[in-house]
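Hi everyone, thanks for coming. Today I'd like to walk you through one model, so please have a look at it with me.

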Amino acid sequence: MAFLHHVAAFTLVGSLSAEMVLFKPPLTTAQARRVLGADAIFGISAGTLLIVGLLRVFYFEKGAAYYFANGFFIVKLSLFILAALLSIYPTRLFLSWRPLLKQGTTPSPSPEQTRRARMCIMWELTAILGILLCAPFMAQGLGMLR
């Protein structure tokens, strides 16, 4: 389970980084398709990460009582939820491109849409950095609330 958790986490970081690099207007049709693909991989890896993480919490590892009594786990989970909420805007924007791409038209997001989406992605990456900071402390048993 730890292996699957790590693979999903690294895939999530890689796909989100790819989104950031690829999403720089003016877009080409191929570039827009790649952004959509990276976002799909991001969504799949985030879902996998959540499912595997919850399985680890409730059925494997140290048990739910341990994790929910650990402040670093609570911060990790909160940051994951924050990153998920931040991902809604860019994902909705990218999905709105599908009809255009099916017609062979290149999407041209407004400067405001671009700024917002890129800001969300940067904040998502920042939240992930916070998760990575909390992980070793949590694993060492630091941050126990009870």
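Predicted model: local features only at pLDDT ≥ 70, side-chain atom pairs only at ≥ 80, totals over all residues.

**The pocket and the helices around it**

Let's start with the largest pocket: 32 residues line it, and H5, A9, L49, K76 and I131 are the ones nearest its centre. Residues are numbered from 1 along each chain as its sequence is written, and side-chain values use heavy atoms, with hydrogens and water left out.

What is a pocket here? On a 1 Å grid over the protein atoms alone, a pocket is an open set of points where a 1.4 Å probe fits, with protein on both sides within 12 Å along at least five of seven lines; lining residues have an atom within 4 Å of a point. The volume of the largest pocket is about 820 Å³, counted as the space filled by probe spheres set on the points, which are joined across faces, edges and corners.

Who builds the lining? Helix 1 (2-22), helix 2 (29-59), helix 4 and helix 7 each supply at least two residues, and helix 2 gives the most, with ten. By class, the lining has 22 nonpolar, six polar and four charged residues. (Ala, Val, Leu, Ile, Met, Phe, Trp, Tyr, Cys and Pro count as nonpolar, Asp, Glu, Lys and Arg as charged, and the others, Gly among them, as polar.)

Stepping back, the protein chain has seven helices and zero strands; these are DSSP runs numbered from the N terminus, helices (H or I) of at least four residues and strands (E) of at least two.

The axes of helix 4 (residues 71-86) and helix 7 (residues 111-139) come within 9 Å and cross at roughly 165°. Axes are lines fitted to C-alpha atoms, for helices over the stretch in contact, and angles run from 0 to 180 degrees between N-to-C directions. Helix 4 and helix 7 are therefore roughly antiparallel, a word for angles over 145 degrees.

Note on methods:
Parallel < 35°, antiparallel > 145°, perpendicular 65-115°, else oblique.
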